[in-house]
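I opened my notebook to walk through a structure step by step. Here is what I looked up, in the order I looked.

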Amino acid sequence: MDAVQLIQVADSTLRLSTPLLLACLAGLFSERAGIFDIGLEGKMLAAAFFSAGIAALTGSVWVGLLAGIGASLVLSAVHGLASITFRGNQLISGVAINFLAAGLTVLIAQDWFKQGGRTPSLEGSERFGEIDLPFAEALSGVPFVGPIYSEILSGHTLLVYVGLAMVPLTWWVLFRTRFGLRLRAVGEAPEAVDTAGVSVVGLRFAAVAICGVLCGLAGAYLATGQQAGFVKDMTAGRGFIALAALIFAKWRPWYALGACLLFGLLQAVAIQFQNIDVGGFIIPVQFMDALPYILTVVILAGFVGKAIPPRAGGAPYVKER
Amino acid sequence: MDRMPAWADATLVPLISLFLAAVLSAIVIMAIGENPISAFMLMVDGTLMRSSGWGYMLYYATNFMFTGLAVAVAFHARLFNIGGEGQALLGGLGVALVCMYIPWPHWSLAIFGASVGAALFGAAWAYIPAVLQAKRGSHIVITTIMFNFIAAAVLNYVLVNVLRPKGAQEPATGFFPDATALPSFFDMFATEGSRLFRNSPANVTFFLALAACVAVWLLIWHTRLGYQIRAFGERESAAKYAGINPVRITVIAMLISGGLAGMMAVNTTMGEAERLILNATEGAGFIGIAVALMGRSHPFGIFLAALLFGFLYQGGAELALWTNIPRELIVVIQALVILFTGALDNMVRMPLERLFLILRRTS
């Protein structure tokens, strides 16, 4: 691998990590509050379609972004209604949301655009443009630092930087604010939060709503930043990789960044090289595709550090009478 | 005392959920500018009014019976096996190996061998998540999801690099030997005059699925193991106190579940395609979740729910053919059924329970 390839891989790692990171942080908020969410995939998909679809219709990516976040929030509300209000099974609700999004996006896309379940290609102001960071041009000549700054870090769309900024923000909200303390408490011991006179239901809905907004950003990035438009099933399991990254990161924001960059790197390498030849032994591309899932199973099995989920995760809260 | 009689729990709750799902689906159809009533008539026309429609419906229903039973057996042990898709994919590999590398003299022996191969491969794929859940406490939902993706990668690798015939472009195995071809409903029921089930994929595996329904019913309600599975699912601590080994029950329930999911491949791979192709399952593993929820984890309920989804699948194909409604409508209906019968169960149940309390008080 030469320097040019290295920079290409690093650059696309950042691109491919962003939707994973946003979805992973979305899951982090939800699961830290005790609401399992395997519907990340569906929410991303819905947001991807509505952001691209509305952007194509209105010509503005910003209106599209809002629509994407709105669609994701609606599915979040369904998840909240099922798992918080009606104390249903959170996992089954997540499965339902994934299928709802997979079906409805194609149905509506076909009705609106008649292109076999896709949106038209987005152009100009219908997409997020690439942003050059300040001094990127000036620094590009500097050895080592120059390529890293101007080739890898600079020149991405806005949502890439939003995703990166979300990591410290999530850390700060969860670990340095009263809201974050309560949110984590509601995922560990909701009865204690209830005793303290704080609404368990309110906190959990807030967490599910934040999850919806972040999934909305992730989906919008996919369809209007990384790619130019929506195609059927375009999330292609990214919501589940994000879920895997969340477990890999043991439900912590900075670890989440690491896990998502790692999984993004695996995708970037798989795209760049297909089958990799390591000293005569060929690593098939399918193995690279499966590696995030294999790593997650290994982590879950507790052979390499133990991943302990929030204690009240998955259990609906029933007030004592 | 129960708040609701058992018959109401078994029939009214799923029927009301189905009704809600149907109403919402009708609204969706109207929203995309089609008429839900004529759409429904078209589905009935393309499915129930032609014997080939029946042939497709029963073919799909065969798949859904296997995957529905798989989810249901795990449900009885309070395990959510979301990995039916991956287990069925691996089951397909088992079927392909059995059909290609063992010279079968007759299909009646081959179907037996293929069933064993499918069940073994499916069960093996469920074994690792089961052991991880039972011994290491890894959440079985997450591990089975991960195993779905790993299964897809494994199958992709095997078909592209190992089993693909030399010179072939498509990632698929070659066709199985003629002796393994299963008799279709057309072979079995058509006469010179009637031409029943012409050009439709339903085959003898349908009866295997019916037998599986009966076997699961016997297992769950009429054997010691079934009792242990149900006791474990009802309350783990009480089951442990009664001397039931949780590791053993978790692993056995998941092995049966994975085996049943794998056996679906006998229908698709041996009965229909007669070779192993990529994505032979087409999401049937996930439809098993809807079927098991709708059928209340009872084999007879699963039989009915599988027929319903078979109807929806074939009807959906008709809609996609003749109208502007894409096949994905079925995915929406499936999602709504899962949502109402699974996640929003209490929303349907609570008002019903209140109603029955009032009725009881007045009588």
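**Two helices side by side**

I began in chain B, where helix α5 (residues 107-136) and α11(B) pack at an angle of about 145 degrees, their axes 6 Å apart. For that I used axes as lines fitted to C-alpha atoms, for helices over the stretch in contact, with angles from 0 to 180 degrees between N-to-C directions. Helices here are DSSP runs of H or I with at least four residues, strands are runs of E with at least two, and both are numbered from the N terminus. Sorted by class, the contact of α5(B) with α11(B) holds 18 nonpolar, seven polar and one charged residues. Nonpolar covers Ala, Val, Leu, Ile, Met, Phe, Trp, Tyr, Cys and Pro, charged covers Asp, Glu, Lys and Arg, and polar covers the others, Gly among them.

**A note on the model**

This is a predicted model, so I kept its rules at hand: local features need pLDDT of at least 70, side-chain atom pairs count only at pLDDT 80 or more, and totals for chains, interfaces and linings use all residues. Residues are numbered from 1 along each chain as its sequence is written, chains are lettered from A and ligands numbered from 1 in the order in which they are written, and side-chain values use heavy atoms, with hydrogens and water left out.

**Salt bridges**

Side chains of opposite charge can pair when their charged atoms come close. I took a salt bridge as a side-chain nitrogen of Lys or Arg within 4 Å of a carboxyl oxygen of Asp or Glu. Over all chains, I counted eight salt bridges.

I looked at E318(B) and R50(B), whose closest N and O atoms are 3.1 Å apart in a salt bridge. E318(B) sits in helix α13 (residues 299-322) of chain B and R50(B) in the loop between α2 (36-47) and α3 (51-76), 268 residues apart. E318(B) is buried at 11% relative accessibility, while R50(B) is partly exposed at 38%. Buried means under 20% relative accessible area, exposed over 50%, and partly exposed in between (1.4 Å probe, protein chains only).

Next I checked E170(B) and R275(B), a salt bridge with its closest N and O atoms 3.3 Å apart. The two lie in separate loops of chain B, so the pair ties together parts 105 residues apart in sequence. E170(B) is partly exposed at 43%, whereas R275(B) is buried at 18%.

Then I found R349(B) and D345(B) joined by a salt bridge of 2.9 Å, N to O. They are separated by about one helical turn because they are four residues apart in helix α15 (residues 345-362) of chain B. Both R349(B) and D345(B) are buried. I also saw that these two belong to a network of salt bridges with D9(B) and R296(B).

**Backbone angles**

Which residues other than glycine have a positive phi? I noted K114(A), with a phi of about 50 degrees, in the loop between α4 (90-113) and β1 (130-131) of chain A. I also noted F197(B), with phi near 60 degrees, in the loop between α7 and α8 (205-222) of chain B. F197(B) is buried, with a relative accessible area of 12%.
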